[in-house]
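Open the model in your viewer and keep the selection tool ready.

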Amino acid sequence: MQYKAIVVGVSSGGMNALKIICSALPVDFNIPIIIVQHLSAHSDSFWIKLLNEKSHLFVKEADEKEKIKKGTIYIAPPNYHLLIEKDKTFSLTIDERVNFARPSIDVLFESAAEAYRNKLIGIVLTGSNSDGTKGIKRIKDCGGLAIIQDPTTADSEYMPKSAIAAIVPDYIISLEEIVELLIKIDQEKR
């Protein structure tokens, strides 16, 4: 299976999880990664700069109508829902909060599932609410791959447990194992 995109949802404890994943992916990793991290509406871009320093890949905030490119890690901007259109570009909205969050993981996951269908990998990481549960279910319903962080390894286990309760994930693994799996999948598609 040749996957075309990876979507990641993360909340409390997310910065540590993202540092582990972003710093371990090799410079030749091709599959674009799109991340929703629950943030304060007034967050600045400091943490994106920090991830960029730790990563071998380019990390940036997603922009309206931007075309999704290989080898790039995109982060949803604070206070905007991030959606993926059928033409594989981003849309940003300020629609109502979903699961008390904007950006919402479910909004990204559901739109990505429609755009990429069975060519999508969805990953739910540490977090303290149920955001991402509906979205990971939609990814599975469209034939995509569902990876959930092992709740025993998460800073906050609620979000992974919520996702596991809603679907039968393809993988329930640690952050380090997630990185190994993503590298293997990326190398297989070449």
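Buried means under 20% relative accessible area, exposed means over 50%, and partly exposed is in between (1.4 Å probe, protein chains only). This is a predicted model: local features need pLDDT of at least 70, side-chain atom pairs count only at pLDDT 80 or more, and totals for chains, interfaces and linings use all residues. Residues are numbered from 1 along each chain as its sequence is written, and side-chain values use heavy atoms, leaving out hydrogens and water.

**Stop one: a loop residue.** Select Asn-79, in the loop between β4 and β5 (81–84). Helices (H or I, at least four residues) and strands (E, at least two) are DSSP runs, numbered from the N terminus. Asn-79 is not a glycine, although its phi is positive, about 70 degrees. Asn-79 is partly exposed, with a relative accessible area of 21%.

**Stop two: another loop.** Select Lys-88, between β5 and β6 (90–93). Lys-88 has a positive phi of about 65 degrees and is not a glycine. Its relative accessible area is 26%, so Lys-88 is partly exposed.

**Stop three: helix α1.** Select residues 14–24. Which residues of α1 are buried? They are Gly-14, Ala-17, Leu-18, Ile-21 and Cys-22. These cover an arc of only 120 degrees around the axis (taken from the directions from the helix axis to the C-beta atoms), which puts them on the same side of α1.

**Stop four: the cover.** Contact means heavy atoms within 4.5 Å. Ala-17, Ile-20, Ile-21 and Ala-24 in α1 meet residues of α6 including Leu-175 and Ile-183.
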